[in-house]
Amino acid sequence: MADARVVPISSVKYGLKAETSFGVGLDTSGADSTAYLTQPVVQAQKPTFNILRESRLLSGRGSVKNAADTVVNTRGGTVTMPFEMLATPRTLAQHMLLVGQESGTSGSTLHEMEIDGSSNANSMGGSISSGIPHSVNLAYYPASGEGTKVCGVICSDLTISGDIAANNGLLSMSGNYFSGFSTKDISTSTCLEQTFDGTWVAAETTYLDLHNISAQTLDVEGNATQTFIMKSFSFNIANGVNRVGSDTNGNAEVYVFPEYVVTGDLTIKYDDEFDYGAANNVVQDFLDGDTLSLAIKIGDGTADAEGECNIAAEIQYTGDPGQDISESGIFHTLPFECVQNSTTEAFKISTFKNEAVTVW
């Protein structure tokens, strides 16, 4: 008789807990007692195992493949998993570290991550000090007595986006997790059929509201810090991660980050501050290849309380500014990439969470 059990997607959850050693399971007993922070996704996607499987038709077998000739090798593989959620103070701060591999903290506590060509790690492997470089154990939990734990998890890419008219105007995050640990050794890597008996910390319910923006400025035609009216924005950060080497369990020995790339787009209102005239021409900035300063401050600009966030970027337009036309009027859609400009970071994001990186 068929099983009548139905598992609704809303029953499935996943959580993160920072690693103290790169790629090592936090609890090697098989019953993970570590507390994971539940991530505030609507639908938790299953981790995908990218392993070697080769089905071969060998000589002497005739015209049909033989099961004995199939090669399956989990060593040297990767694990990936997509995610999408509203940003909360801790999830934003932690995912910034997972993609940027750089951290600055001050006060109690302002978390900063910048892409600047010198601070971001070129590789990671071995020891972790004060939570940096940053990697996590990921626990995927569909039901009691079932699940998967993945070690050595980082973000290969992260998109931070906001739209005044979408998601109630709240800041959103999406991207992909990556791990080079795909084998079944419970002490160091991914574990299938894992029972999670420990505490699950509830997902945060504090969000970052674009309606609380106190400043949004952009340079145009030599005019600095012109105030714009925004419709939406998006930043995508990618680190190009590759796994390197293979230990005795077939897991990565090192991750390498060959290039940090930040791209995005900004949609702002066509008005006297940003138009096609001689003094405020967004098209001229594109044709001239200008580098322009962009700033978005959610909150009062100090980023000293949960729900506040500052974004600063040095941008160059990558295409002719397009038009977004609606009943609200004409808007410019400005595609860009972030670049280092002298000593100014290509991209910097600051947010507040009253927790040290080491407790994540």
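Mentor: Buried means under 20% relative accessible area, exposed over 50%, and partly exposed in between, computed with a 1.4 Å probe on protein chains only. This is a predicted model, in which local features need pLDDT of at least 70, side-chain atom pairs count only at pLDDT 80 or more, and totals for chains, interfaces and linings use all residues. Residues are numbered from 1 along each chain as its sequence is written, and side-chain values use heavy atoms, with hydrogens and water left out.

Trainee: How many salt bridges does the structure hold?

Mentor: Side chains of opposite charge can pair when their charged atoms come close. A salt bridge is a side-chain nitrogen of Lys or Arg within 4 Å of a carboxyl oxygen of Asp or Glu. The structure holds eight of them.

Trainee: Which residue forms a salt bridge with K353?

Mentor: The partner is E306, with the closest N and O atoms 3.1 Å apart. This pair links distant parts of the chain, 47 residues apart: E306 lies in the loop between β21 (292–298) and β22 (309–317), and K353 in the segment after β25 (347–352). Strands here are DSSP runs (E, at least two residues), numbered from the N terminus.

Trainee: Is K353 buried or exposed?

Mentor: K353 has 10% relative accessibility and therefore counts as buried, whereas E306, at 34%, is partly exposed. Both residues also belong to a network of salt bridges that includes E204.

Trainee: What is the N to O distance between D69 and R61?

Mentor: Their side chains meet in a salt bridge at 2.8 Å. D69 is buried at 6% relative accessibility, while R61 is partly exposed at 38%.

Definitions and conventions: Helix = DSSP H or I, 4+ residues; strand = E, 2+ residues; numbered from the N terminus.
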